Amino acid sequence: MRHALLAAMLSVAILCIGTPAQGLADESSTAVGYEPDPDPVQGLHAFMERQGRKPFDLYQEGRELRTHRVMFEDRRFGTTVWMLDDSPTTEHAGTASIWSAWNINASALYVEGVRTLDDEPQRGWFFNADYSRLIPAHGGRPAVWAPEDPELYYSPHSPFDKVTRNNWRTGEQEVVAEWSHFAWPNATARIYGLTEDERHIFIDLPNRGIFVPFENDENYPVPAMPLYDGRPIGPDGPSVLLWHQHGGANHMPVVYNHQQHGDLIALRTGMLVDRQTGEKNLIAAPLCGNTNYLRAFHEGRVKYPQGDEWTIYRLDRFMDGVSLPTDMSMEELYALWRNLPHATHGHESGDPDREFIAVDGGTTRIFRVRDGQERSIKLSPDGTNYHLHWRHHPRYFVGWVRGWHFGSYRRPVNANVEFQVFSDGTFQPIVDTKHRFNAYYAGGDFSMFSPDATKIHYGSSMTGRFKNYIAVVARPRPPIDPSWRVENDGVTIIWQPSTYSRETKGYLVYRSRTSGHGYTLVTPEPVEDTHWHDETVQPGRAYYYVVTSLEHSGLESGYSAEVARAGVQLPEEYDGTLTVYAEAEQAVWDLETDALPGLTIGVDRREASDWYYLYRHPESDRGQAGLTIDVPADGLYHLWARVRSGQPERTRWQIGVADTPREVATNVTEWTWVRVEGNPLALSAGRTEVTLATGDASAQLDLLCLTTDASMTPQGTRPEDQPRPSAVEQLRAANVQPRVNRLTWRHTNEPGLSHYHVYASREPIAELSQELRIGSPTEAVFIDWGLRADTRYHYAVTAVNRRGDESPIALAEASTPPAETSPVEIELAFGEAELTGAFERSSAGGTRAADYVVPEEPDTNSAAWTIEVPEEDAYYFWLRYLLRGTGARGPSVDHRVEVLLNGQPLTTLGDGRTDLNIPDELIAADHPLAPQVWTWAWPGRANLEGIRLPAGRHTLTLRNLDGSIRYDVLLITNEPSFVPEDGRLRQN
């Protein structure tokens with residue numbers, strides 16, 4: 001039942017992490033404190049050595065940029081992660097979980113970040129499906145992707161006067177609707193997505209909603225639950241109404257007993273734009289689906305603005321006609337609410353059916369919108385959850401634990417961990433995002449699911465500069481209901497797409513002469529249809545087929561159910577064995593959000609088949625769920641189960657097949673196959689219902705196997721053996737620019753190829769490791785930049801198939817030439833500068849100089865040094881500083897320090913918008929945080945920028961210093977691979 005969430009949903013605070021991740025909670029019973037991460041870059045040491053100026057000219061191909069993923073394993077949780085680009089610039093998905101960065105089939109991903117194309121900076125970009133190319137964006141950020149065409153999107157995201165339809169590949173743009181300018185103080189207009197019927201684009205006007213008076217009925221109180229991001233405009237105009245009343249809480253559907261206006265109820269106000277005709281309609285609509293909230297509208301207790309009362313809300317044109325939710329039944333009101341998009345900034349996110357909303361904070365809460373019932377989840381006992389994304393799968397969403405506490409900057413338990421949160425209140429870790437101390441908005445990862453919920457995009461400052469990452473959360477789902485028929489003296493295999501097939505590029509068919517294993521690929525290119533004809537079968541022979549789904553990203557699903565004993569002119573008697581596998585977690589995978597079967601999904605991406613398994617929900621005494629298995633033919637089947645015990649104790653599963661109860665038990669803590677007790681099962685061909693049940697807290701079930709072979713003992717996970725790729729051939733490495741080597745090889749045409757791995761070292765490579773990996777290109781070329789001068793580099797390249805198997809290694813070497821000039825490093829301490837005007841001078845921990853200075857008269861302050869430049873060269877200016885503040889979210893940093901050489905303008909340093917703001921007590925000489933927080937301004941925006949300096953003695957002056965910033969040192973060097981280690985890199 002859709003609404004049978006049960007009383008268990010009411011305010012239950014739990015910490016439910018499946019057994020393999022239980023150590024996540026146990027390993028840190030108290031806060032981590034200020035200790036630095038012992039593995040800050042997932043072991044990517046060779047990648048981190050590469051610093052300097054990126055040769056964008058070598059990456060440019062027409063109007064596109066070549067790019068390389070770096071694929072690696074999260075060394076804590078085993079999750080595969082893709083770092084999408086090695087550009088030196090700051091880059092974000094730019095969606096804040098509101099507007100999906102992925103298009104409808106995930107063949108494109110939008111990101112922001114300045115890169116150069118034809119020596120001109122470009123801000124917005126689209127990754128293509130395999131992330132091998134960046135294409136510059138035209139027409140602004142994609143606020144809404146067209147649901148019927150992956151090439152089209154609607155923009156801009158803050159449309160003050162128009163909506164345009166854009167083609168991300170061609171740049172073609174068409175105006176859908178225009179209007180005269182809207183404007184409010186401190187508020188914006190935003191496209192918030194498509195209505196549920198996909199006909200209209202909804203635009204919030206303003207992007208905060210409004211409060212209007214209403215008559216409260218004490219018999220039907222509206223719960224004050226946060227359901228919408230923003231702080232709405234009240235009847236007296238200010239948008240700080242809720243901030244004042246609720247201490248900063250986000251949007252509530254109701255405010256009681258306001259000191260000036262009494263009881264207030266919230267409305268969504270905005271414009272519907274028909275995306276086909278451009279017709280515009282101003283509307284006021286329900287904000288919340290709660291029954292008592294809607295009852296106030298149904299019973300006429302809401303007092304809508306009349307006439308010029310709309311001007312109080314800056315909605316003057318609503319006077320000329322606005323659609324109001326009057327004279328509507330309860331179901332009509334609920335349907336109106338559901339039809340409008342409900343995506344927010346990630347502080348709230350709804351399930352796919354919009355029956356439940358998850359809300360972030362110190363406790364993650366799941367609300368049932370009809371009655372406000374709540375389940376509470378603690379992802380960290382002493383940390384806060386920031387940003388959620390649900391929307392695509394009924395059973396799970398994603399949430400992230402902040403990396404530190406504002407104010408103290410202490411790291412909580414589970415800091416930086418991205419969690420897969422299940423709708424029943426359990427959760428499992430996905431990835432340690434490895435955020436470093438950085439700015440507020442860079443401190444929130446803004447994670448979001450891909451359309452089929454197989455991947456999450458997140459941002460992280462792991463490498464020092466903010467970059468885009470994708471963590472692979474689940475394999476694509478295989479097609480369902482496969483079958484066969486004889487056709488034209490051959491066999492035609494038919495299947496249906498799974499429920500999650502929006503990202504599917506096509507299907508791959510595998511064939512074997514043996515049931516259950518030994519499949520080989522018979523469709524080298526993916527099949528776009530849901531059928532495939534095999535004309536190579538031989539009469540009288542039986543064949544066994546499985547089908548997989550292939551994403552645009554290159555991810556491949558596991559095998560479908562087997563199509564057994566297919567063929568032409570087969571004998572009536574069957575003389576072979578049959579083997580059937582079934583994933584246990586499928587018993588609950590597709591259940592509706594509110595279903596609580598007492599069993600839940602565990603995650604083990606290293607050892608479980610298809611990465612998931614079943615276990616008993618920690619709040620249940622017993623769990624039970626049903627699974628359907630397709631039995632290919634009548635016969636006697638032996639039943640096996642792949643099980644383990646989370647603790648060294650005997651645990652049991654009750655498995656009912658065709659109404660026959662059986663039991664399987666184990667005390668082994670590693671996955672093991674156990675034959676289910678009892679005689680073989682006499683099963684008939686067709687669908688067979690299987691029940692899975694346990695009352696043991698430590699019992700875990702991964703996989704079932706039915707086989708007619710009495711002598712067979714299953715081994716490992718479901719067999720998906722594929723040939724190991726052959727070694728790449730004709731590998732060449734050559735130096736092409738002073739700090740750049742290029743690698744090329746002959747492209748491998750073997751079926752199943754996914755990508756290549758490139759490894760590098762300054763020593764000969766004998767064994768491969770993640771520490772040496774620098775890239776994972778999909779094409780037979782790699783550009784290795786940011787190298788040291790006069791250095792010999794050793795390379796290894798492997799081919800990798802879609803199962804993750806690597807080929808033998810191919811080796812090559814290349815050397816960079818000596819530097820044309822001698823290394824220079826000039827360090828200028830502000831405490832030793834000739835200072836003009838009044839400065840505060842203080843000492844602190846973590847500084848390079850004895851003292852730091854803070855300008856007291858920014859309009860007239862300056863700092864000057866006499867410097868000796870030994871030879872003319874391009875020099876890079878690194879400014880070390882730290883914002884003074886309270887440690888909270890903090891003010892904006894926008895200091896642009898002017899640099900003058902001998903009185904003439906030279907360059908500008910420190911450009912940016914936000915940063916850490918650290919109170920003085922956290923940088924005391926003995927404070928453990930002090931060495932981690934001082935900031936180095938990156939010398940450049942889209943790339944490392946060198947400034948030509950002539951040889952000789954010069955006066956270097958800095959002015960336009962900021963009065964809220966502590967200045968430590970200015971370092972000048974001609975070494976492009978230099979990156980400071982004592983402090984953070986500028987994030988924005």
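Where is R605 found? The views below come from a predicted model, and the opening legend takes up this residue.

**View A. R605 in the loop between β39 and β40.** R605 sits in the loop that lies between β39 (599-603) and β40 (612-616). The relative accessible area of R605 is 10%; the cut-off for buried is under 20%, so R605 is buried. Leaving aside residues up to four places away in sequence, R605 touches G78, T79, Q420, P429, I430, V472, V473, W611 and Y612. One of these, V473, is 132 residues away from R605 along the chain, yet the C-alpha atoms of the two are separated by 8.6 Å.

**View B. Polar contacts of the R605 side chain.** The side chain of R605 makes a polar contact with the side chain of Q420, at 2.9 Å. A polar contact also links the side chain of R605 to the side chain of Y612, at 3.4 Å. Both Q420 and Y612 are among the residues that R605 touches.

**View C. The buried face of helix α6.** Helix α6 spans residues 330-339, and in this helix L333, Y334, W337 and R338 are buried. Seen down the axis of α6, the buried residues fall within an arc of 135°, so they line one face of the helix. The packing partners of these buried residues are β19 (280-286), α5 (291-298) and β21 (356-359).

**View D. An open sheet of three strands.** The strand order in this sheet is β31-β32-β35, and the pairing is antiparallel. β31 (480-487) and β35 (531-534) are the edge strands, each of which pairs on one side only. On average, neighbouring strands of the sheet are turned by 20° against each other, with direction ignored.

**View E. The pairing of β32 with β35.** Strand β32 covers residues 490-496 and runs antiparallel to β35, to which four bridges join it. Within this pairing, V491 stands opposite D534 in β35.

**View F. Cysteines C288 and C705.** C288 has a relative accessibility of 0% and therefore counts as buried. C705 likewise counts as buried, because its relative accessibility is 0%. How many disulfides does a search of the whole structure find? The search finds zero.

Conventions
Residues are numbered from 1 along each chain as its sequence is written. This is a predicted model: local features need pLDDT of at least 70, side-chain atom pairs count only at pLDDT 80 or more; totals for chains, interfaces and linings use all residues. Side-chain values use heavy atoms; hydrogens and water are left out. Buried means under 20% relative accessible area, exposed over 50%, partly exposed in between (1.4 Å probe, protein chains only). Helices (H or I, at least four residues) and strands (E, at least two) are DSSP runs, numbered from the N terminus. The arc is that of the directions from the helix axis to the C-beta atoms. Contact means heavy atoms within 4.5 Å. A disulfide is a pair of cysteine sulfur atoms within 2.5 Å. A polar contact is a pair of N or O atoms within 3.5 Å; within protein, one must be able to donate a hydrogen and the other to accept it, and residues adjacent in sequence count only if both atoms are side-chain atoms. Two strands pair if DSSP finds at least two bridges between them. Axes are lines fitted to C-alpha atoms, for helices over the stretch in contact, and angles run from 0 to 180 degrees between N-to-C directions.
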